[in-house]
Amino acid sequence: MTEHTFFGLGIVPRILDILERIKFKVPTPIQYKAIPLAIEGKDVIGIAQTGTGKTHAFAIPMIQHLAQKEGIAIVLAPTRELAIQIEEAVRVLTHAFGMKTACLIGGAPMRPQQESLRRRPQVIIGTPGRFIDHMESRNILMARVNMLVIDEADRMLDMGFAPQVEKILKQLSRERQTMLFSATMPAEIMRMIRTYMKLPVHLEIAPSGTIAEGVAQELYIVRREAKLSLLGKILAQYHGSVLMFIRTKHSARKITKAIRDMGHRVSEIHSDKSLGQRREALEGFKSGRYRILVATDIASRGIDVTKIELVINYDLPEDVENYVHRIGRTGRAGCEGRAISFATPDQKDDVKSIERLIRMQLPVVKHPEIPTEEFEQYHHAPAARRPHGGIGFNRHRRPSFGRFRRRG
């Protein structure tokens, strides 16, 4: 079978030269399908699993359009970390065209952001709340915006940003081009699409809930009090980088200290950390200064690090779809990866929810030095009477549109 290249997708020679210089030779499936449509000016809905190159699927046509006609492109992202990563990727392309970028994120001082906006950037990347701060202060010429990208749209809505996103959309010209990218596509997003997009082309590279190829998954069933002992055994078994997910920031602090006491180099990312601290932790993890990074779900889509050997779900996610985003941090860019999850005996229903989403059964494994457990059996008891500790997914209804659910 002939391997696709970036040639023939309608990309201008100057951008092709940049892609060659940064050794981008073969487009990912989402890039191969989305780039020509976006270059034509069509509205695009791109669904592809985490780690498949969605950023360049919108960045390449975005920069090409801005090079050919005046205007401003806006990219909205759910987390600070993701916004920073997008700007880093976009800047590689904008530099050759002399374009400026601005990154507007909460937790950072307003004044430097105001200064960057005075330099009339063509690309503005931001989180919704901080973007609105600048929009309402009239620091952004909204009339000049002719392209909007909403990245990780499902995560944006899960975090309660729907009202802010709609507020921004209402201030934009109807003539703009809109691209929406996500790993999953819950039903609530369809309302936004019908209201604010023009005959969008729907691209689904993999079904919602599909996990990246090359990720081996394992499930351990252990009592809550045995989790830390099992973690110690696993961290001794693997020697590469480890990204570990915890449900709450309080637990993240506690587990990070325990891992440090085991003698491992570890740092943590959660919402109690300042932007500078989170950036230092992420950069330290990328450089190898920290072998282990402990994160709440706030970081499940904000970490773009290749060659993470192992993802550990120390706690199962509160939102079942975050399972896909968490384990998508390993096995990126064609590398193999492994995802290990811990479940307590009362979390049978929660594991079943994950298995329904990913359309496969998680292989249960046992550790020879940790007591073996089995899932408890229920007779459909009401949620209020379930044993303490179950995370209780509501499988019949996702969070209501606009409900603020941000944790961690």
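Helices α4 and α12 are oblique to each other, because their axes cross at roughly 60°. In this predicted model, α4 covers residues 80-94 and α12 covers residues 275-287, and the two axes come within 11 Å. As α4 passes α12, the crossing is right-handed. On the α4 side, the contact is made by Arg80, Glu81, Ile84, Gln85 and Glu88. On the α12 side, look for Leu275, Arg278, Arg279, Leu282 and Lys286. Sorted by class, that contact has six charged residues, three nonpolar ones and one polar one.

Now try another pair, α10 (residues 227-237) and α11 (residues 249-261). Their axes come within 11 Å and cross at roughly 50°, and that makes α10 oblique to α11. This crossing is right-handed too. Leu228, Leu231 and Leu235 do the touching from α10, while Ile255, Ala258 and Ile259 do it from α11. How many residues of the contact of α10 with α11 are nonpolar, polar and charged? Six are nonpolar, and there are no polar and no charged ones.

A further pair is α5 (residues 110-118) and α6, with axes that come within 12 Å and cross at roughly 65°. Again, α5 passes α6 in a right-handed crossing. Here Met110, Gln113, Gln114 and Leu117 of α5 meet Arg130, Asp133 and His134 of α6.

| Helix pair | Axes come within | Crossing angle |
|---|---|---|
| α4 and α12 | 11 Å | roughly 60° |
| α10 and α11 | 11 Å | roughly 50° |
| α5 and α6 | 12 Å | roughly 65° |

Let's step back to the whole protein. It has 14 helices and 13 strands. Of its 408 residues, 56% are buried. If you take the contacts between residues at least 6 apart in sequence, 76% of them join residues at least 24 apart.

Why does Thr178 count as buried? Its relative accessible area is 2%, so it falls under the 20% cut-off. The side chain of Thr178 makes a polar contact of 2.9 Å with the side chain of Arg176. Leaving aside residues up to four places away in sequence, Thr178 touches Asp43, Val44, Leu148, Tyr196 and Met197.

Helix α14 (residues 348-358) has its own set of buried residues: Asp350, Val351, Ser353, Ile354, Glu355, Leu357 and Ile358. What do the buried residues of α14 pack against? They pack against β8 (215-221), α13 (322-327) and β13 (337-343). Just after α14 comes Arg359, with a positive phi of about 60°.

That brings us to backbone angles. Most residues other than glycine have a negative phi. Lys23 is not a glycine, yet its phi is positive, at about 65°. You'll find Lys23 in the loop between α1 and α2, and with 66% relative accessibility it counts as exposed. Arg138 is another residue other than glycine with a positive phi, near 60°. Arg138 sits in the loop between α6 (128-136) and β5 (145-151). Is Arg138 buried or exposed? Arg138 is exposed, because its relative accessible area of 75% is over the 50% cut-off.

One last stop is Lys25, which is found in the loop between α1 (13-21) and α2 (29-39). Lys25 is exposed, with a relative accessible area of 55%. Which residues does Lys25 touch, not counting those up to four places away in sequence? They are His4, Thr5 and Phe6. Take Thr5: it is 20 residues from Lys25 in sequence, and the two are 6.1 Å apart in space, C-alpha to C-alpha.

Definitions and conventions
Residues are numbered from 1 along each chain as its sequence is written. This is a predicted model: local features need pLDDT of at least 70, side-chain atom pairs count only at pLDDT 80 or more; totals for chains, interfaces and linings use all residues. Side-chain values use heavy atoms; hydrogens and water are left out. Buried means under 20% relative accessible area, exposed over 50%, partly exposed in between (1.4 Å probe, protein chains only). A polar contact is a pair of N or O atoms within 3.5 Å; within protein, one must be able to donate a hydrogen and the other to accept it, and residues adjacent in sequence count only if both atoms are side-chain atoms. Contact means heavy atoms within 4.5 Å. Axes are lines fitted to C-alpha atoms, for helices over the stretch in contact, and angles run from 0 to 180 degrees between N-to-C directions. Helices (H or I, at least four residues) and strands (E, at least two) are DSSP runs, numbered from the N terminus. Angles under 35 degrees count as roughly parallel, over 145 as roughly antiparallel, 65 to 115 as roughly perpendicular and the rest as oblique. A crossing is left-handed if the near helix is turned anticlockwise from the far one by less than a right angle, and right-handed if clockwise. Ala, Val, Leu, Ile, Met, Phe, Trp, Tyr, Cys and Pro count as nonpolar, Asp, Glu, Lys and Arg as charged, and the others, Gly among them, as polar.
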